[in-house]
Amino acid sequence: MKDKQIEKLIKQEEARQKKTISLIASENYVSDDVLKALGSKFTNKYSEGYPGHRYYKGQTFTDKVELLCQERALKLFGLSPEKWHVNVQALSGSPANLAVYLALVPKGEKVMGMSLNHGGHLTHGHKVSATGKIWNAVQYGVNPETEVLDYEEIKKIAIAEKPKMIIAGYTAYPRIVDFKKFREIADACGAILMVDMSHFAGLVAGGAYPSPFEYADVVTTTVHKTLRGPRSALIFSRRDKTQTSAKGNEISFSDLIDKAVFPGLQGGPHMNQISAVAVALKEASAPAFKKYAKQVIKNAKVLAEELNKLGWKIISGGTDTHLILVDTFMNGAGISGDEASNRLEKEGIIVNKNTIPNETRSPMDPSGIRLGTAGETTRGAKEKDMVKLAKRINGILRK
Ligand SMILES: *Cc1c(COP(=O)(O)O)cnc(C)c1O
């Protein structure tokens, strides 16, 4: 590179990644092929619109790459193109979620998602997010004692509040979500069911976690977490679902979402990113990825069990996914999540501080840390490595 300053920073970041262990549950390590596609000359191309309907000329190859990406996305999750549509242009998870809201829920209407403290994402209606400012957000949480979803309670809130859309799928919830129960809850109050599978999409793709597609109307996901692709997002929608427009026309969710992404929220799609998503989707459809997804969960279970044996309270008592929430404060060593994550970073273990259910501290200095095994499993970690890692973490936090 001619730019030595940036070149140096890239090299330093590469070295940092190499010598640290990342247990950040939302991170992963992409393949060289994904990086190659991301760094390709597709970045030079403006492609406003959708395949076959673009505003600028020169789209012979961008159209092909976007169609291939869509085809691979549907195939990976076992969806028929007659029943499901996928938009691959959203720049990341948050704009993808915002697009769904804009498409399907009139401004000021009610949406219902899990609160941030209990594991929901900012875009599930938190007050600092556009989703909590533009829409009237009702929040649900986990049961304070069991720390898992209480479907009866969620149903009660839904029936009382009658939200237009319910969001299931979270950022810091380690357990299997019962999508069938969410369908019943949505039907009981006439709501759209949106599943945000950002965290566990790779586990669904690998057949290691239940698929939400049988029950959801819309499914959003990031591509860069367990799915191990570039930073990007996908929005799946059922083609048979429609809404009546002001003029009385029936418009499909799929068309409404496409319009909300472009021109509603974005201009030109990032075609280099879309080509890299296509690469990642192909990788995720290979048999090796099924093994990977299973190993991710095995590793997380061992890490959670070992930490628990060493006296750490694991939120909800364990994990069914790649993700573990550890209470470091109330029932831990009396250290905040901020302090715990700082201490671990000094020793080369990168984690994030996280709020926990029944949080008594602030989001900037909460009571827990979140751990995830997607990245280290990509690097080949197995159960025995998790046993060692638990001991190391314990040693650092109890010092
Ligand atoms: C990560 C995440 C997002 C947002 O993704 P960004 O790409 O960071 O905007 C949305 N929803 C959930 C559940 C997530 O975990």
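A polar contact here is a pair of N or O atoms within 3.5 Å; within protein, one must be able to donate a hydrogen and the other to accept it, and residues adjacent in sequence count only if both atoms are side-chain atoms. You're looking at a predicted model: local features need pLDDT of at least 70, side-chain atom pairs count only at pLDDT 80 or more, and totals for chains, interfaces and linings use all residues. Numbering starts from 1 along each chain as its sequence is written, and side-chain values use heavy atoms, with hydrogens and water left out.

Start at the ligand. Select Ser94: an N or O atom of its side chain sits 2.7 Å from a ligand oxygen. Next, pick Asp196, with a polar side-chain atom 2.5 Å from a ligand nitrogen. Then take Lys225, where a polar side-chain atom is 2.7 Å from an oxygen of the ligand.

Move on to the open sheet, ordered β13-β14-β17-β16 with antiparallel pairing; strands are DSSP E runs of at least two residues, helices H or I runs of at least four, and two strands pair if DSSP finds at least two bridges between them. β13 (313–314) and β16 (352–354) are the edges, each with a single partner strand, so one side of each has no neighbour in the sheet. Zoom in on β14 (323–327) and β17 (368–372), joined by five bridges. There, Ile324 stands opposite Leu371.
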